[in-house]
Structure formats: structure tokens, C-alpha cells
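These are my notebook entries on one structure. I record what I looked up, entry by entry.

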Amino acid sequence: MRERHKKSTSVDVAKLAGVSQTTVSRAFNNPDSVNPVTLQKILDASDQLNYIPNIFAKNLVSHQTNLIGVIIKDFENPFYTSFVSRISQKLNAAGKKILLFSGADQKSILDVLREANSFQVNGLIIASSTLSEQLTEQNIPTKIPVVMINRQASSKYYCSVASDDIESSRFVADFFVSKGFHSFAFISGPDNTQSSMRRQQGYINRLAEWGYYNVHIRKGEYTYESGYRAMKDLIALKPDLPIAVLCANDLMALGAIDAIKQNSKYRIPEDFSLIGYDDIVEGAWKSYQLSSMRLPISQMIDTTFEYLNSYYTAPGTRNGKYLFPCKLVERKTTF
């Protein structure tokens, strides 16, 4: 009797199916080249032996692992988890797999890159609002395609795929002014995030063009809790009402909404009108109904996929900066 814990090999499959080991190899690598009857015998033998071909080892030898590494830190941000889920589906359909690298806040980005390279990934996606800020061009792998999500920069070493935050925030400023607001606030993300800085820049500068220079700015950390605290601080200032508030992401906006709701004295949107960024699923929940700037995630995914795909087939494809406009989704936090 075969040892219970012994792993079956292609030799075992060949012996049980009554074929050569070479035929077994062809059956898994190029099934169309094997007679259907023979192929079925091999598959039946594989099932009986619980045989799993070591495709990963084979791919390592050929240097074509079909693995795409994804570095993500912001698991609390539903935008990034949604992005990874959707790009994974698209890559899977093309015969590629996602290899996820997380916890990068506990180690340097260089350690994470070395770890990814040790798996011989055929591409790398850095999907984090803060990780990309730690990188310099000298650190980027040069022999595989690298895509930076929401980092706006032109480089010959990687592709940048991002939302057009400045223009989108200018649009929000115009929207609030058109609604008759004269008092404004902005809840930012961390200081080291390009997306937050661009959203603040577009919003503040456009309001200044309208003649509004006194914008209340409260710092957040892209988390629900920081949005809650920022709104409590804003309320304590007793700003002129009604006030229009742009939050650098939806998670902070949800925290801000709950901070306002704790005080029955204020109403949304009559006293506080809010717009967030990302249009996460939670923002549409009945208890929030948050108006939000929807990021062009489908276009960002398509561009990422096309870049990863074309890198090896079109040698001239090595860089590029792609910006896509956001769209305002109006719900009950604005009027």
C-alpha cells in the first residue's frame, strides 16, 4: 500500500495510466497534443493519486511564473482591496495569478521588493497611498513591469495610473460654490500621501480663485477614527454654518458623519454638507448615503492590465503617466 503521506509524482501517474512520463508531462502542459482517450486515462490516474503538477517549479526554471506581485499596505481602505480583487479577476482570466505582499508598514519597502523579486514575479503593482512615497527610481526593479497606483509621476522605470485629483477637487469647489456656500473645510489624509496633497491643492486653490481664502483644514489619517476626530475638532471651532466639507477619502467622511450625528443640534446636509473620495460600498449604506467622488477604477484596472500585458510583447512599452477624471456621485450628504 502506498505511504499515506507520500506525494504522488508524474512517474506514479504514468505507471497507473500505462503511459510514459513524457506523455503525462504533455497532458498537463499541452493537453490538445494528447489523444483524448489517453488524456482521460491520465486525468483519472491523477485524480486517484491526488497528483498536483508542480507548475510553479517548472515556471521558475523558465523564468515565466505568470505571477504578478501586489504590494498593499492600506487594507483598511476598501478602495485598494476592491482594486486588488478586480485586477486579480482580470489577470486570472489571462492565466496569471496575484501574489500579495502586505504588512509593509512593519518593514521597509526595499525588503518587500526583495521579497517579491525572490519569487521571480513577472510584474509588480504597488497599490498603496503611502508606500510609493518611500521609493526612488534606484529602488524600482528594471527588468519587470511596475505599476504605481495613485502616484502621479513620469518615469522610465514604471507606469503611473492615477485619478486626476487636482481637477476633481476643483470640480468639488465649483459644485459647493454653485450651491451657495460661503464657508468651507477640508479633512486631509496623512502628510506623506500625494493623493491627499493633490486633493487639498485643487480644492483650496480653486476656492481662492472664487475669493474664499479662509478654509478650515483638519488633518486625518485616511481612517474612520481620524475623520471622526477631525470633525469633532471642526465642530468645536464653531465655524460659520452652513459649511461645505471635502474629505480626502470616504472612510474619514463616514467618521465625520457619525461625529455630526452625535450632536442632534446639527443636520446633514443643511448645516454640514460633505463629499468624500473613492465611492466605497459602505458610503452608499442607508445610514450614511455619502456623496463621493468616484475614482475611475475600471479605467485604472484596464490600463494596469494592458501595461502588464504589453510590457513583454511590445518592447517599447516601459513607462507612462495616465490620469483619469473622477465623477461626483450625489447622495444625501449634499443638496
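How exposed is Glu 221 by relative accessible area? I looked this up and found Glu 221 partly exposed, at 39%. I worked throughout on a predicted model.

**Entry: a charged pair**

I then turned to the partner of Glu 221. Its side chain meets that of Lys 219 in a salt bridge, at 3.9 Å from N to O. The cut-off for such a pair is 4 Å. I checked Lys 219 as well: its relative accessibility is 47%, so Lys 219 counts as partly exposed, exposed residues being those over 50%.

I next looked for salt bridges that share partners, and noted one network that joins Glu 167, Arg 170, Asp 174, Arg 206 and Glu 209.

**Entry: the chain as a whole**

For secondary structure, I recorded eleven helices and twelve strands in the protein chain. The chain has 335 residues, and 50% of them are buried. I also looked up contact separation: among contacts with a separation of 6 or more, 71% are between residues 24 or more positions apart.

**Entry: α7 and α8**

I describe two packed helices by the angle between their axes and the distance between the axes. For helix α7 (residues 165-178) and helix α8 (residues 194-209), I noted an angle of about 40° and axes 7 Å apart. The two helices are therefore oblique to each other, since an angle under 35 degrees would be needed to count as roughly parallel. The crossing of α7 past α8 is right-handed.

Which residues of α7 and α8 make the contact? On the α7 side I listed Asp 165, Ile 166, Ser 169, Arg 170, Val 172, Ala 173, Asp 174, Phe 176 and Val 177. On the α8 side I listed Ser 195, Arg 198, Arg 199, Gln 201, Gly 202, Tyr 203, Arg 206, Leu 207 and Glu 209. By class, the contact comprises seven nonpolar, four polar and seven charged residues.

The side chains of Asp 174 and Arg 206 form a salt bridge, at 2.6 Å from N to O. Because Asp 174 lies in α7 and Arg 206 in α8, the pair ties together parts 32 residues apart in sequence. I compared the accessibility class of each partner. Asp 174 is partly exposed, with a relative accessible area of 26%, whereas Arg 206 counts as buried at 18%. The limit for buried is under 20%.

**Entry: α5 and α11**

The contact residues from α5 are Phe 79, Ser 82, Phe 83, Arg 86, Ile 87, Lys 90 and Leu 91. Those from α11 are Ile 297, Ser 298, Met 300, Ile 301, Asp 302, Thr 304, Phe 305 and Leu 308. By class, I noted nine nonpolar, three polar and three charged residues.

Which residue forms a salt bridge with Lys 90? I found Asp 302, with the closest N and O atoms 3.4 Å apart. The pair links distant parts of the chain, with Lys 90 in α5 and Asp 302 in α11, 212 residues apart. Lys 90 is partly exposed, at a relative accessible area of 30%. Asp 302 is likewise partly exposed, at 32%.

**Entry: Pro 296**

I located Pro 296 in the loop between β10 (291-294) and α11. Is Pro 296 buried or exposed? Its relative accessible area is 8%, so Pro 296 is buried. Leaving out residues up to four places away in sequence, I listed its contacts as Ser 163, Phe 324, Pro 325 and Cys 326. Pro 296 and Phe 324 are 28 residues apart in sequence, and their C-alpha atoms are 6.3 Å apart in space.

**Entry: Arg 331**

I placed Arg 331 in the segment after β12 (327-329). At 18% relative accessibility, Arg 331 counts as buried, the limit being under 20%. With residues up to four places away in sequence not counted, Arg 331 touches Asp 279, Gly 283, Ala 284, Gln 289, Leu 290, Ser 291 and Arg 294.

Conventions: Residues numbered from 1 in each chain as written. Predicted model: local features only at pLDDT ≥ 70, side-chain atom pairs only at ≥ 80, totals over all residues. Heavy atoms only, no water. Axes fitted to C-alpha atoms, helices over the stretch in contact; angles between N-to-C directions. Helix = DSSP H or I, 4+ residues; strand = E, 2+ residues; numbered from the N terminus. Parallel < 35°, antiparallel > 145°, perpendicular 65-115°, else oblique. Left-handed = near helix turned anticlockwise from the far one by under 90°. Contact = heavy atoms within 4.5 Å. Nonpolar A, V, L, I, M, F, W, Y, C, P; charged D, E, K, R; others polar. Buried < 20%, exposed > 50% of the residue type's maximum accessible area, 1.4 Å probe, protein only.
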